[in-house]
Amino acid sequence: MNAVLAIIRRDLLLAMRRKSEVLTALFFFIIVASLFPLGIGPESALLRTIAPGVIWVSALLATMLGLARLFAPDHADGTLEQMVLSPTPLGLLVTGKIAAHWITTGLPLVLLAPVLGIQFDLDVGALGVLVVALLLGTPLLSLIGAIGAALTLGVRGGGVLVSLLVLPLYVPALIFGAGAVESHISGLGAGGHLSLLAALLALAVFFAPWATTAALRISLE
Amino acid sequence: MLTATGLSCVRGERRLFAGLDLAVGPGEWLHVQGENGAGKTSLLRILATLSPPAEGEVRWQGEPVTVLAEDYRRAMLFLGHHGAVKEELTPLENLTLAAQLDGTTLDEANALSALMRFGLRGREDLAVRFLSAGQKRRVLLARLAVRKATLWILDEPFTALDVKAVDMLSGLIESHLAAGGMAILTSHQSMPLPNGRILSL
Amino acid sequence: MNWGSPAEFFAMGGYALYVWGSFGVCAVLMILEPILVRKRQSSILRILRRERQAEILENP
Amino acid sequence: MSNRLISWFKYASPQSFYPLAGRMIPWFWALTAVFGVIGLWVSFFVAPTDFQQGEGYRIIFIHVPAAWMSMFLYVVMATWAGLGLALNTRLSGMMAQAIAPTGALMAFLSLWTGALWGKPMWGAWWVWDARLTSALILFFLYIGFIALQAAIDDARRADKAGAILALVGVVNVPIIYFSVKWWNTLHQGSTINLAKAPSMATTMLWGMLLMALAFWMYSIAVALTRVRAIILEREAHTEWVKDLNEVKA
């Protein structure tokens, strides 16, 4: 457990020393979401309808942006080898790295989402549901993304390839995440969507580190 | 005691070596020699359990390393071509965090004394990326000194070291062997260490 | 038998574009794929044969 | 038991599978032709005109088999990939790699024929129906698998990485399907529902089954042909390949 905390601390420390990467992903999120009204038009009823989907798709893309940097630096400087050879099980270390990735890319998105929601004229209740849905959904994005990042490690054109592998797998998260906000707006209640999102998260917490670990071992062979 | 029997290694379409046997006991060290591409690094990675052998088996204290898993990894230290040193972190942070990832703790006093021993005094708080190549290798040597492992597997440990650092490293390895440790090294040049057995690939 | 004449058959009750569009593309792709795979097979065989020839020329 | 295991593993080696596959391929082509001809005859000349959809419904005779095969082949591909990962047999990875393009073709055909069916029936080339949408995502999954394998130079590593992706995909396919279905019912209500198709005449079902058999045999024949090419490519340096009659000729 200490090792997990240590790797989270290390990755956060590294993120602090390379602030620009974290900030780039955040501004990307804001800019993409702000482009939609410019492309679609300022009519607030329409914007309210598309808001959950737009914010979620932007969150997917922003998460994707950070994925290439999840394991690549550790792979390049040999730290990944040492992680594999550490007495601590690799699965735990990988979970720690994914947690750190979420704290640096997912959590800021959750905190920024209400601001974007206001741009799209969402009311307070919908903003709350949006935050809860993102809180459940962004760890899911980091977990699934880690599998793709590990599979494309050291592969030609890995950065583009990872989006091809991961985006189709993001579909359920997108559907339930955006759906939660939509059904709240239409008065149906977001409970069903949110609990399904939580179930998916539980499933991913269980399986994704395992698949990521296997993929990392293969990339080091 | 590390023993390997009938190891063979296939890379892509090429068979690098086959039917390789080796044994290293306490206080012994093995010098793996061979041309570029002969499979020195591949052999070391197999011994370190980073990649599985195409055929054959590696045993530690009589047990297969695949069964021992964590116990073997605790007893073994591997240094590859890349230093496993984070450029953005200071030498001090590198040492303490590496120890924590291994599940042990390293207090600041010990870490500092190890860094000083390798002539990194005054560099503790400078990010590694501002250090010279030789100084970066010294951070690694400090890591060797603080990590308690019986078996050292070192891939080209003497590259990019100045004369003084070479002496330090060979002294380090000698005292490791004297204390009953084992070492497996690869190197292009002749080793500044006595009594090594030679394995040619 | 559903069709009075060949013309009626090809007209497909007004759905000719959709029915023949589906069956046509399906047939084209399912003929094309084996041909491409056969080509892949024969190109690797050609390389292997050439290598063999070169070996024979080198050590007669 | 041990005898049977050995003979099974014997055929799991590329060297003995190569000639075996070569002998099997003509049989599967013959079966494809037989089922295909009977199936087409049933679909065009035996199956009656549908009272609701007219002649346009005849597209289902290839649409449904293609959709079935695209899902079935993904499971078969993942099974081979998983076997390769678990037993470390070389042939398994090659089989997975050989199946993927045919699976992608089936997914594409199900999308294409679905669009051509949708236009006259629903008035639109594409509707975000649950089945069409999940077929589209399945197609993406195939493309991802093929792209990942193509991007990795080392064949063994490509096999293993592809295997993990295929297994992750196979866990996700039902989740994706149910999420899309849920999303669909929530948004579209009851405007379009494939499940409520008019009850099918027995001859229609027969036509569909025969065509599905033809597609199945076709997939096996193509996958076997492709796996032979892959075996030659990967084992080009071995003695047994150099001693093959095809190479000597």
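Reader: Which chains have the most contacts between them?

Author: Among the 4 pairs of chains that touch, chains C and D have the most contacts. Please keep in mind that this is a predicted model.

Reader: How many residues are in contact there?

Author: On the side of chain C, 29 residues are in contact with 47 residues of chain D. The two chains bury about 3,400 Å² between them, and 72% of that area is on carbon and sulfur atoms.

Reader: How many salt bridges are there between chain C and chain D?

Author: The count is 2 salt bridges. One of them pairs D:Glu233 with C:Arg40, whose closest N and O atoms are 3.0 Å apart. There are also 9 residue pairs in polar contact between chain C and chain D.

Reader: Which part of chain C gives the most to the side that touches chain D?

Author: That is helix H2 of chain C, residues 16-58, which gives 22 residues to that side.

Reader: Where does chain C stand in relation to chains A and B?

Author: Chain C does not touch chain A, and the nearest C-alpha atoms of these two chains are 23 Å apart. Chain C does not touch chain B either; in that case the nearest C-alpha atoms are 15 Å apart.

Reader: Let us turn to chain D and chain A. How much area is buried between them?

Author: About 2,400 Å² is buried between chain D and chain A, with carbon and sulfur atoms giving 79% of it. Three residues, D:Arg157, D:Ile164 and D:Trp182, supply 24% of the area that chain D buries against chain A, which is more than any other three residues supply.

Reader: And which charged residues meet there?

Author: Chain D and chain A have 2 salt bridges between them. In one of these, the side chains of D:Lys160 and A:Glu221 meet at 3.1 Å, N to O. The count of residue pairs in polar contact between chain D and chain A is 4.

Reader: Which helices of chain D supply that side?

Author: Helix H5 (130-151) and helix H6 (155-188) of chain D each supply at least two residues of the side that touches chain A. The largest share, 15 residues, comes from H6(D).

Reader: How many salt bridges are found over all chains?

Author: A search of the whole structure finds 24 salt bridges. One of them lies within chain A, where the side chains of A:Lys97 and A:Asp11 meet at 2.8 Å, N to O. This pair links distant parts of the chain, with A:Lys97 in helix H5 and A:Asp11 in helix H1 (residues 2-17), 86 residues apart.

Reader: Are those two residues buried or exposed?

Author: A:Lys97 is buried, because its relative accessible area is 3%, under the 20% limit for that class. A:Asp11, at 12% relative accessibility, also counts as buried.

Reader: Which network of salt bridges do they belong to?

Author: Both are in a network of salt bridges that links A:Arg10, A:Asp11, A:Asp74, A:Asp77, A:Lys97 and B:Lys86.

Reader: What does B:Glu93 pair with?

Author: The side chain of B:Glu93 meets that of A:Arg17 in a salt bridge of 2.9 Å, N to O. B:Glu93 lies in helix H4 (residues 91-101) of chain B and A:Arg17 lies in helix H1 of chain A, so the pair joins two chains. A:Arg17 counts as partly exposed, at 35% relative accessibility.

Reader: Now for backbone angles. Which residue of chain A has a positive phi although it is not a glycine?

Author: A:Asp121 does, with a phi of about 65°. A:Asp121 is found in the loop between helix H5 (90-119) and helix H6 (124-151) of chain A, and counts as partly exposed at 38% relative accessibility. In chain B, B:Gln61 has a positive phi near 50° and is likewise not a glycine; B:Gln61 is found in the loop between strand S4 (55-60) and strand S5 (63-64).

Reader: One last topic: which residues form a nonpolar patch on the surface?

Author: The patch is formed by A:Leu23, A:Phe27, A:Ile31, A:Leu35 and A:Leu38, which together have about 540 Å² of accessible area. A:Leu35 is found in helix H2 (residues 19-40) of chain A and is partly exposed, with a relative accessible area of 48%.

Notes. Residues are numbered from 1 along each chain as its sequence is written. Chains are lettered from A and ligands numbered from 1 in the order in which they are written. This is a predicted model: local features need pLDDT of at least 70, side-chain atom pairs count only at pLDDT 80 or more; totals for chains, interfaces and linings use all residues. Side-chain values use heavy atoms; hydrogens and water are left out. Patches are made of residues with over 30% relative accessible area and no salt bridge: like charges are joined within 9 Å, nonpolar side chains (Val, Leu, Ile, Met, Phe, Trp, Tyr) within 5 Å. Accessible areas come from the Shrake-Rupley method with a 1.4 Å probe; for residues, only the protein chains shown count as cover. A salt bridge is a side-chain nitrogen of Lys or Arg within 4 Å of a carboxyl oxygen of Asp or Glu. Helices (H or I, at least four residues) and strands (E, at least two) are DSSP runs, numbered from the N terminus. Buried means under 20% relative accessible area, exposed over 50%, partly exposed in between (1.4 Å probe, protein chains only). Contact means heavy atoms within 4.5 Å. Buried area is the accessible area (1.4 Å probe) that two parts lose on being put together, summed over both. A polar contact is a pair of N or O atoms within 3.5 Å; within protein, one must be able to donate a hydrogen and the other to accept it, and residues adjacent in sequence count only if both atoms are side-chain atoms.
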